[in-house]
Amino acid sequence: MKQLNLLLLLLLPFLFACKDECEGIDCLSEDAFAFTIKSAENGEDLLFGSNAQLNQEDVEVYYMQNGARQAAPFKFEANYVVVALTPEVTAYYITALDQTDTIRLAVSSTGPTECCPRTQKVEDLTVNNQTPNQDSWVITLQR
């Protein structure tokens, strides 16, 4: 019995030393924003509605870098378009139906740390210099 207690006493520090310091930490990062385009007349979703008038070829998403247009990576999901954030880019342009919207972002970055890779947080977002009035992370553009 003394040997078992001695063994436990010797092993106990090693068990605590192996504890994962990062356990339970969420490394959440905002790496994208989403949008859809709706009719200004009737609110119908022009991209994903039952009578959608736009498809992927009708939408251009880009940003400006050194005076030249750079295509922004985006993909169509079930009900919205997701645009991947590019580091150091603060303004994105979305063109559809001969109209361009400007999405401006203020993004803060932290890390990397011992537990998390570099993470981003969108601190501010405007659409055509206006703060969007919505409860969803999906930006609604009007046409």
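**Reading salt bridges, buried residues and a pocket**

Student: Which side chain meets that of Arg 143 in a salt bridge?

Tutor: The partner of Arg 143 is Asp 101, and their side chains meet with N and O 2.6 Å apart. Arg 143 sits in the segment after β9 (138–142) and Asp 101 in strand β7 (residues 99–110), so this pair ties together parts that are 42 residues apart in sequence. Please bear in mind that the model is a predicted one. As a general idea, side chains of opposite charge can pair when their charged atoms come close.

Student: Is Arg 143 buried or exposed?

Tutor: The cut-off for buried is a relative accessible area under 20%. Arg 143 has 15% and is therefore buried. Asp 101 also counts as buried, because its relative accessibility is 3%.

Student: How many salt bridges does the count come to?

Tutor: The count comes to three salt bridges. Besides the pair of Arg 143 and Asp 101, Arg 69 forms one with Glu 60, where the closest N and O atoms are 3.0 Å apart. Another joins the side chains of Lys 75 and Glu 77, at 3.3 Å from N to O.

Student: Let us turn to single residues. Where is Gln 120 placed?

Tutor: Gln 120 belongs to strand β8. With a relative accessible area of 8%, Gln 120 is buried. Its side chain makes a polar contact, at 3.4 Å, with the side chain of Arg 118.

Student: Which residues are in contact with Gln 120, leaving aside its neighbours within four places in sequence?

Tutor: Setting those neighbours aside shows what the fold itself brings to a residue. For Gln 120, the contacts are Leu 28, Ser 29, Glu 30, Asp 31, Leu 85, Val 107, Ser 108 and Ser 109.

Student: Where does Val 59 lie?

Tutor: Val 59 is found in the loop between β1 and β2 (60–65). Despite this loop position, Val 59 is buried, having a relative accessible area of 7%. Not counting residues up to four places away in sequence, Val 59 touches Phe 35, Leu 47, Phe 74, Phe 76, Ile 94, Thr 95 and Ala 96. One of these, Thr 95, is 36 residues from Val 59 along the chain, yet their C-alpha atoms are separated by 5.8 Å.

Student: Finally, how much space lies in the largest pocket?

Tutor: The largest pocket holds about 180 Å³ of space. The elements that give two or more residues to its lining are β1 (32–38) and β8 (119–127). The largest share, three residues, is from β1.

Technical notes
Residues are numbered from 1 along each chain as its sequence is written. This is a predicted model: local features need pLDDT of at least 70, side-chain atom pairs count only at pLDDT 80 or more; totals for chains, interfaces and linings use all residues. Side-chain values use heavy atoms; hydrogens and water are left out. On a 1 Å grid over the protein atoms alone, a cavity is a set of points where a 1.4 Å probe fits but cannot get out, and a pocket is an open set with protein on both sides within 12 Å along at least five of seven lines; lining residues have an atom within 4 Å of a point. Grid points are joined across faces, edges and corners, and a volume is the space filled by probe spheres set on the points. Helices (H or I, at least four residues) and strands (E, at least two) are DSSP runs, numbered from the N terminus. A salt bridge is a side-chain nitrogen of Lys or Arg within 4 Å of a carboxyl oxygen of Asp or Glu. Buried means under 20% relative accessible area, exposed over 50%, partly exposed in between (1.4 Å probe, protein chains only). A polar contact is a pair of N or O atoms within 3.5 Å; within protein, one must be able to donate a hydrogen and the other to accept it, and residues adjacent in sequence count only if both atoms are side-chain atoms. Contact means heavy atoms within 4.5 Å.
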